[in-house]
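Please walk through the following structure from its strand pairings to its cores. The paragraphs below take up one region at a time.

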Amino acid sequence: MKRKSLFLFIILLMFTICLAACGGKTYIVSFVTNCDTSVDAVSAKTIAEVQLPELSKEGYQLENWYTDAAYTNRLNDNTELKSDITLYAKWEKLKYKVKFMVNDTIYDEQEIEYGNNASQPENPSLEGYNFGGWDNEFTNVKSDLIINATFDIIQYTVKSMDGSREISSVKVEYGKDAIAPTDLDKTGYTFVSWDKEFTNVKSDLTVSATY
């Protein structure tokens, strides 16, 4: 009888040891995804066993999981599983770079959250040109953007005069030369020159023939 009791005790002890070594209590791990995707709860003995769900949310990236709704306790490898737990997904809004360029040089650079608008910078200036606007929209930003300034070259009026008579009037782009009229014929006079230079034009000009 004593031998039988001892045998049963040994069996019970081995079962207890095996249960402690091989078993362990399981806990329910629930997920608050804070997105349109719902995830079923899982059972686990340790956090290492928990396979975190793969989620996506338009305009956001998953920052991490937390063990509280206030996002103060971040989930990590040292988090202990001692009871049923709820994990909360924390999302961060995506941010993009918007670069405004003038002649391949960064004029202004902004970091914009997904879906927001970039702010139009002050109009740039370029000698000899009028600012024509930006070559792309920068509202509802959803990717990195490079926005280039466009310019229109300034044109000036160059008038050629013979006394009070206008001989010609031409448009000349900034920095270029006007072409002088050649049909000068004034009875009794010989043309000498024009009273002003009309090369590298950078303003409206009136040039007069001298005889």
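**Strands, sheet and cores**

Methionine 101 stands opposite asparagine 148, a residue of S8. This pair belongs to a parallel pairing in which 4 bridges link strand S5 (residues 95-102) with strand S8 (residues 145-153). The model is a predicted one.

The two strands are part of an open sheet of 4 strands, ordered S6-S5-S8-S7, with mixed pairing. Strand S6 (105-113) and strand S7 (129-134) are at the edges; each has a single partner strand, so one side of each is left without a neighbour in the sheet. On average, neighbouring strands of this sheet are turned by 25° against each other, direction ignored.

The wider chain can be set out in a few figures. Its secondary structure amounts to 1 helix and 12 strands. Along the sequence the pattern is α-β-β-β-β-β-β-β-β-β-β-β-β. The protein chain has 211 residues, of which 28% count as buried. Its accessible surface is about 14700 Å², and carbon and sulfur atoms account for 48% of that area. Of the contacts between residues at least 6 apart in sequence, 39% join residues at least 24 apart.

With strand S9 (residues 155-162), S12 runs parallel, and 4 bridges join the two. Within S12, threonine 206 is the bridge partner of lysine 159. S12 also pairs with strand S11 (residues 193-194), here in the antiparallel sense and over 2 bridges. Threonine 210 of S12 stands opposite serine 193.

How do the residues of S12 divide between a covered face and an uncovered one? In a regular strand, side chains alternate between the two faces of the sheet. In S12, Leu205, Val207 and Ala209 make up the covered face, while Thr206, Ser208 and Thr210 make up the uncovered one.

The next topic is the packing of nonpolar residues. In soluble globular proteins, nonpolar side chains tend to be buried together. The largest nonpolar core here has 15 residues, and the members that touch the most other members are Val29, Phe31, Trp65, Leu81 and Leu87. Strand S1 (27-32) and strand S4 (85-93) are the elements that give two or more residues to this core. S4 supplies the largest share, 4 residues.

Leucine 87 shows the surroundings of one such member. Leaving out residues up to four places away in sequence, leucine 87 touches Val29, Ser30, Phe31, Val32, Leu52, Trp65, Tyr66, Thr67 and Leu75.

Threonine 79 lies in the loop between strand S3 (60-66) and S4. Is threonine 79 buried or exposed? Its relative accessible area is 18%, and the cut-off for buried is under 20%, so threonine 79 counts as buried. The side chain of threonine 79 reaches the backbone nitrogen of asparagine 76 at 3.1 Å. Apart from neighbours within four places in sequence, threonine 79 is in contact with Ile47, Thr67 and Arg74. Of these, Thr67 is also among the residues that leucine 87 touches.

Technical notes: Residues numbered from 1 in each chain as written. Predicted model: local features only at pLDDT ≥ 70, side-chain atom pairs only at ≥ 80, totals over all residues. Heavy atoms only, no water. Core = buried A, V, L, I, M, F, W, Y, C linked by side-chain atoms within 4.5 Å. Buried < 20%, exposed > 50% of the residue type's maximum accessible area, 1.4 Å probe, protein only. Contact = heavy atoms within 4.5 Å. Areas by Shrake-Rupley, 256 points an atom, 1.4 Å probe, with all protein chains shown as cover. Pairing = 2+ DSSP bridges. Axes fitted to C-alpha atoms, helices over the stretch in contact; angles between N-to-C directions. Polar contact = N/O pair within 3.5 Å; in protein donor to acceptor, adjacent residues only side chain to side chain.
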